[in-house]
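Hi there,

Here is the structure I promised to pass on to you. My notes follow below it.

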Amino acid sequence: MREELVEAAFKLFVQKGFDNTTVNDIADLADVSSRTFFRYFSCKEDVVLDYQLVEYDEIITSLEFRPATESILLALRKSSVNVTKCCEEGAYGIDPNRFKILRDLIRNHPSIRAKNNELLQSKKQLLTELIAKKLGVNHLHDMRPMILSTLLEFVYSAAYDIWKEKKDSAPFYDVLDETFVLIENGMNYPCVY
């Protein structure tokens, strides 16, 4: 039933737009009551954000098992790019046809973006603690783990903006990888003016 509700929701998001789609519309299209919808989701934003939570959890899991011989930024890049590539190609229960819509809604819709920021705070804390563990430091006394977990948000945001400028000519995960590589190589460029 959950997948039927997700399918109905995305069909309506494309046809009517997110704001013009109601929970009742989704339930009607899935041929269930709105009460059934609320057994699976607390609101229509959750239909979109389920994806983001899955992706973040998979990045944390992937990072946990990266080799200790890798630098932390390289491990974070490989985990993030590999998981995002899998999501973009349809892994983890993510429909690859919805990937672009999901990214656009998460990045651009105010209520989804706000709820996403709220939901990801606990995930960010888990990521910070894992990075601290991998570095062998205490995240309460060393700022690097928090900087790196916050950097992940920045990299995804910057990669999305670049991806949209490229008119989707490259897969998102390639742009994400390029963004990480630039940061890894250092961005303290000399000024010419």
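**What turned up**

Proline 145 is found in helix α8 (helices are DSSP runs of H or I with at least four residues, strands runs of E with at least two, numbered from the N terminus). Before going further, please note that this is a predicted model, in which local features need pLDDT of at least 70 and side-chain atom pairs count only at pLDDT 80 or more, while totals for chains, interfaces and linings use all residues. Residues are numbered from 1 along each chain as its sequence is written, and side-chain values use heavy atoms, with hydrogens and water left out.

Back to proline 145: its relative accessibility is 0%, so it counts as buried (buried means under 20% relative accessible area, exposed over 50%, partly exposed in between, with a 1.4 Å probe and protein chains only). Not counting residues up to four places away in sequence, proline 145 touches Thr128, Ile131, Ala132, Leu135, Val137 and His139 (contact means heavy atoms within 4.5 Å).

Leaving aside neighbours within four places in sequence, the contacts of serine 149 are Tyr56, Lys124, Leu127, Thr128 and Ile131.

Now the rings. The whole structure holds 10 aromatic pairs (rings of Phe, Tyr and Trp, the last by its six-membered ring, pair if their centres lie within 6.5 Å; planes under 30 degrees apart count as stacked, over 60 as edge-to-face and the rest as tilted). In one of them, phenylalanine 99 and tryptophan 163 have ring centres 6.3 Å apart and planes at 70 degrees, so the pair is edge-to-face. This pair links distant parts of the chain, 64 residues apart: phenylalanine 99 is in helix α6 (residues 99-108) and tryptophan 163 in helix α8. Both phenylalanine 99 and tryptophan 163 are buried. Ring pairs join Tyr51, Phe99, Tyr156, Tyr160, Trp163 and Phe172 into a cluster.

The axes of α6 and helix α7 (residues 110-135) are 5 Å apart, at an angle of about 85 degrees (axes are lines fitted to C-alpha atoms, for helices over the stretch in contact, and angles run from 0 to 180 degrees between N-to-C directions). The two helices α6 and α7 are therefore roughly perpendicular (65 to 115 degrees; under 35 is roughly parallel, over 145 roughly antiparallel and the rest oblique). Helix α4 (residues 44-64) and α6 cross at roughly 95 degrees, with their axes coming within 10 Å. Here Val48, Leu49, Tyr51, Gln52 and Glu55 of α4 meet Phe99, Leu102, Arg103, Leu105 and Ile106 of α6.

Overall, the protein has nine helices and zero strands. Of its 193 residues, 44% are buried.

Best wishes
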